[in-house]
Amino acid sequence: MYVYAITGSDHPLRLDGLRTVGGIGGSLSAVIRGGLAAVVSPAPTELRPKRRDLTAHQELQERLMADGAVLPMRFGMLAPDSATVGRALEEKSEEYTRRLAELHGTTEFNLKAARAQDDLLREVLSESEEARRLNELTRDGNGTYEDRVALGELLAKQVDARQRLLAEQVVQQLSSLTRARVEGPPAKDDFLNVSFLVARAHAHEFTEAGQQLARDFGEGYDFRLRGPLPPYSFAA
């Protein structure tokens with residue numbers, strides 16, 4: 001059984017016309033226990049993150065969110081049968097009910113940010129006398145193996161410190177518009193990967209603040225703001 005989300009049992013659950021993960025239409029249903037409901041469908045024989053299935057999963061979350069609070073499950077949540085889902089609702093009723101109340105009227109935004117590595121290295125070399133000295137030795141071919149190792153270690157340390165500072169600055173400037181945040185590990189050249197929980201009433205204001213922040217940092221930076229999204233990062 002494929003599990004999409006948990007809502008209150010009084011949620012409208014307008015499931016008509018929505019596709020299911022696996023492409024089987026018209027088989028969405030709800031497992032209801034007490035004040036909670038879990039939206040489910042038969043699980044596909046072979047579950048893979050195909051585009052159409054990811055889209056179906058997302059469209060259902062958005063439909064549910066339009067009508068009330070939702071605990072969205074991430075793509076790929078399976079259960080053996082409806083009885084197992086029902087037991088989970090009963091056993092964690094208090095926890096799920098509390099989270100639904102906390103997430104009422106909220107949405108999630110994810111922000112990833114990167115800075116051009118060449119730009120960052122130029123900044124380090126311009127501001128660190130020791131880095132410049134070691135770089136000149138290495139570049140001229142007069143440096144030793146130890147000089148090259150020392151330069152590499154110094155650059156790595158400086159880049160890491162500056163990226164941490166940048167991440168703190170970005171998060172601090174947006175935090176006044178958010179209720180909570182979850183930071184994840186940055187990938188590749190990113191120095192920031194953070195999800196914000198934002199009141200839906202302030203979603204537009206938050207989007208504008210993120211766009212203004214990207215303009216303020218300017219060239220050499222790559223800001224990618226996604227949202228509004230179902231609050232996946234805050235459902236657990």
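Reply: In this predicted model, Thr106 touches Met65, Arg179, Leu197, Val198, Ala199 and Arg200, with residues up to four places away in sequence left out of the list. The side chain of Thr106 also reaches the backbone oxygen of Leu103, at 2.6 Å. Thr106 counts as buried because its relative accessible area is 3%, under the 20% cut-off.

The residue belongs to strand E5, which covers residues 106-115. The largest nonpolar core comprises 19 residues, and Leu111, Val170, Leu192 and Phe196 have the most contacts inside it. Two or more residues of this core come from each of E5, helix H6 (145-175), strand E7 (190-199) and helix H7 (203-217). For Val170, the contacts beyond four places in sequence are Leu111, Phe191, Leu192, Leu213, Phe217 and Phe223. A separate second core has 18 residues, among them Ala69, Met73, Ala79 and Ala235.

Of the 13 lining residues, Gln58, Arg74, Arg226, Leu229 and Tyr232 lie nearest the centre of the pocket. The lining of the second largest pocket consists of five nonpolar, five polar and three charged residues. For the largest pocket, with about 330 Å³ of space, the lining divides into 16 nonpolar, one polar and four charged residues.

Terms used. Residues numbered from 1 in each chain as written. Predicted model: local features only at pLDDT ≥ 70, side-chain atom pairs only at ≥ 80, totals over all residues. Heavy atoms only, no water. Helix = DSSP H or I, 4+ residues; strand = E, 2+ residues; numbered from the N terminus. Buried < 20%, exposed > 50% of the residue type's maximum accessible area, 1.4 Å probe, protein only. Polar contact = N/O pair within 3.5 Å; in protein donor to acceptor, adjacent residues only side chain to side chain. Contact = heavy atoms within 4.5 Å. Core = buried A, V, L, I, M, F, W, Y, C linked by side-chain atoms within 4.5 Å. 1 Å grid on protein atoms, 1.4 Å probe; cavity = no way out; pocket = protein on both sides within 12 Å on 5 of 7 lines; lining within 4 Å. Points joined across faces, edges and corners; volume = space filled by probe spheres on them. Nonpolar A, V, L, I, M, F, W, Y, C, P; charged D, E, K, R; others polar.
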